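Thanks for coming, everyone. Please put the structure up on the screen, and I will walk you through it.

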Amino acid sequence: MTAPLILFLAAAVIPVFFGRTRSAPFWLLVQGIALGWVGVAYHGLLSGHAFAAFAETLVVRALIAPQLVRLAIRRRSEPNPDLMPSNLFAWAIATALIVLAFEFGAPDAGGHHALTLGVVGATVAVSLMLLAANDSPPAQLVALLFMENAIALFESLLPEPWPLPVHAALAVIYLLTVAVGAWLVGAPERPVATRSTDVRITPEPDA
Amino acid sequence: MNPSTATSASAGPQPAGRVTWVGPALVAAALVAVVVVAIVFVRTSIDELPVYLADRWFVLDATSMLFLLVIDSVFLGISVYMSSRVATWQLSSGQVLARAGLTLAFMVAMNLGVMANNLLLLWAFIEATTICAAPLVAQGSTLSPRRVAWHYLLYSSMSLAITLLGILCLTRSAQLHGLAIDFAFDAMAGSLPLAIDGWQRLGLALMLFGLGSKLGLAPLYSWLPETYEAAPTSTSALLAAVQFNISIVAVLRVLQVFNGHDTGFVPHELLIMGCLSLTVAAVQVMAARNYKRLIAYACVSSSGVIAIGLSVGRAAAYGVLLYVVSAAFVKALLFLTAGRLRAVYGTNRSSALAGVIRVLPFSGALFAVGTFALLGFPPFGSFIAEMLVLSGIVQAGHLIAFTLMCTMLTIIFVATGRSIFPMLWGQPEQHRPPVREPWVTTLPKIGFVIALVLLGVYVPAPVNALLIRVAQSIGGH
């Protein structure tokens, strides 16, 4: 049980501390696999529902979503910066947030529930940190997906998975969000006006 | 004219003359929706509500009935506006069809979301409306509409992720008490632990924070002015006057579920977010030199008023609902009229417009009426609503919030007047001949004005009964 959780956390923390933007899809893939592994460890694969949830996690979160992110990053044809700016201050804040997140999980019943809560809290904190530290759209998309994965991990704490229609609806919504996000992020940037009031619009466009 | 916009305009797709049928089709769809909702409203007695549909996944109760009436009426006006503008859109036929299709999908998700009887389903429909709206925002005419659309999607997804995290915290709380939570609204209150614990508090706080951000409440409000300004006018109106309401419905549903529980911290959270939003809006309205952005900040301030009203609870519940309904019509009226001004003058800058009332008499007059309604003048519904909210705040003893709200609304009033009134009645530097305005585009706006006056002077008895029933469901009287 501990191994997939550590893998999940590592897939969020390593790229944020040391990774570059183009490596992010690989870490999302690792996180998706870890998420599927956690689901199997909690609920097994015996029921059709559990198997469908496992398959959905692998296909949607480990394969399709990272692939869409990879395509979006490639379409932008930009340099390959760090996912989070590498400096001691950012690292110190991120480390403190991770420690605090595990403190948040500690008062709970203990065992794997406490560890899972700690991993969820740490991943959410790292995602928020990434959003605050990097305003590049690909990095923001990656942070959003880390957060969505953390929520999916939290969902695995439920004694029974949500009903299949609910699970399917959430998966479709997740997939559409990633697809639309990747489409928007993948568009090359045009110069941005410094002040919105400076923009004069062609009369009768599509107002 | 900015060279890049000029180039893109000349080299871009030609007006979509071949698909002009899209406009009337949108109006027909909106008309069908309004007629169906009106027939159901007239034929169903309020005592027969709630009516459950599709194996209890959907419900027609006072809340859903009220908001269906509002969103479908507003959409009818927006569809008429879109229909009148289709021929001038600088979009290819495919893009026009995509815009119309996404708009319809958005409205289907809105209608289903308002009727959802399950918290997770409602959450999914809010996200679905966001997914439909993001590509619409990306069709805007600013220099980087896709970037703005991405910000909109990012903020919305983050807000909804925080809300989902809150829902999971509630589930965890129930699990620790040995209960299985039922997310159907009619059964959820009974499946929650009576003793409120840390997880439940955290869950409720996160849900309200997430939904509040979707309403444009501070601190996560910055997506709202940026999106409303950059999006095509019809999309701005859809977001401000239609999508806003599904987030309000979600907040009302949460308050209905927790009505009777000991949730003392909720009013404080709403009060802080409301006061912060009003303050931010007042400062930004003073700085705004762009009439579309000014309306957007006014939307932030109206979210603030709603949050403060909801924090007061029972004393202001009716006033808040009246305010929400009025705000939908005011925002639609202002954005659609602003779109007309932008189409004629080709700019969003307030200082570039003067003497609008002489060039566009109808649009100028309607913009003036909308501004007065926005500022809470009589005889509009927003006036009565603001008075009821202020009275509720005094009754609840929040005198600091009362003082702050009055101060900020006064600042917003002065700052808005300083920007808008010269635009409408000022002396232009060069003479412009009056522009002919087709009556068909003016008609829905006049309908909005009539609705606003009715809400302020005489609320029809069946609508009043709906408002009272919804107010009672969140603890009002």
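Let's start with charge pairs. Searching the whole structure, over all chains, gives six salt bridges. A salt bridge here is a side-chain nitrogen of Lys or Arg within 4 Å of a carboxyl oxygen of Asp or Glu.

Some housekeeping before the details. This is a predicted model, where local features need pLDDT of at least 70, side-chain atom pairs count only at pLDDT 80 or more, and totals for chains, interfaces and linings use all residues. Residues are numbered from 1 along each chain as its sequence is written, chains are lettered from A and ligands numbered from 1 in the order in which they are written, and side-chain values use heavy atoms, with hydrogens and water left out.

Back to the salt bridges. One of them joins Asp47(B) and Arg469(B), with the closest N and O atoms 3.5 Å apart. Those two come from distant parts of the chain, 422 residues apart. Asp47(B) sits in the loop between H2 and strand S1 (51-53) of chain B, and Arg469(B) in helix H19 (residues 461-473). Helices (H or I, at least four residues) and strands (E, at least two) are DSSP runs, numbered from the N terminus.

Is Asp47(B) buried or exposed? Its relative accessibility is 64%, so Asp47(B) counts as exposed. Arg469(B) has a relative accessible area of 30%, so that residue is partly exposed. The cut-offs: buried is under 20% relative accessible area, exposed is over 50%, and partly exposed is in between, using a 1.4 Å probe and protein chains only.

Next pair. Arg253(B) and Asp61(B) meet through their side chains in a salt bridge, 2.7 Å from N to O. They too link distant parts of the chain, 192 residues apart. Arg253(B) is in helix H10, while Asp61(B) is in the loop between strand S2 (58-60) and helix H3 (62-85) of chain B. Arg253(B) is buried, because its relative accessible area is 3%. Asp61(B), at 14% relative accessibility, counts as buried.

Another one: Glu229(B) with Arg293(B), 2.5 Å from N to O. Glu229(B) lies in helix H9 and Arg293(B) in helix H12 of chain B, so this pair ties together parts 64 residues apart in sequence. Glu229(B) is buried, at a relative accessible area of 5%.

Stay with that helix. H9 of chain B covers residues 223-230, and seven of its eight residues are buried. Among them are Trp223(B), Leu224(B), Pro225(B) and Tyr228(B). What do they pack against? Helices H5 (119-137), H6 (145-176), H8 (198-214), H10 (233-258), H12 (291-312) and H13 (317-345) of chain B. Contact means heavy atoms within 4.5 Å.

Now a charged residue without a partner. Glu269(B) is in helix H11 (residues 265-287) of chain B. Glu269(B) is buried yet has no salt bridge. The nearest side chain of opposite charge is Arg201(B), 10 Å away. For charge, Lys and Arg count as positive and Asp and Glu as negative; His and the chain ends are not counted. Leaving out residues up to four places away in sequence, Glu269(B) touches Ala205(B), Leu208(B) and Phe209(B).

On to chain A. Its secondary structure comes to seven helices and zero strands. Of its 207 residues, 52% are buried. Take the contacts in chain A with a separation of 6 or more: 79% are between residues 24 or more positions apart.
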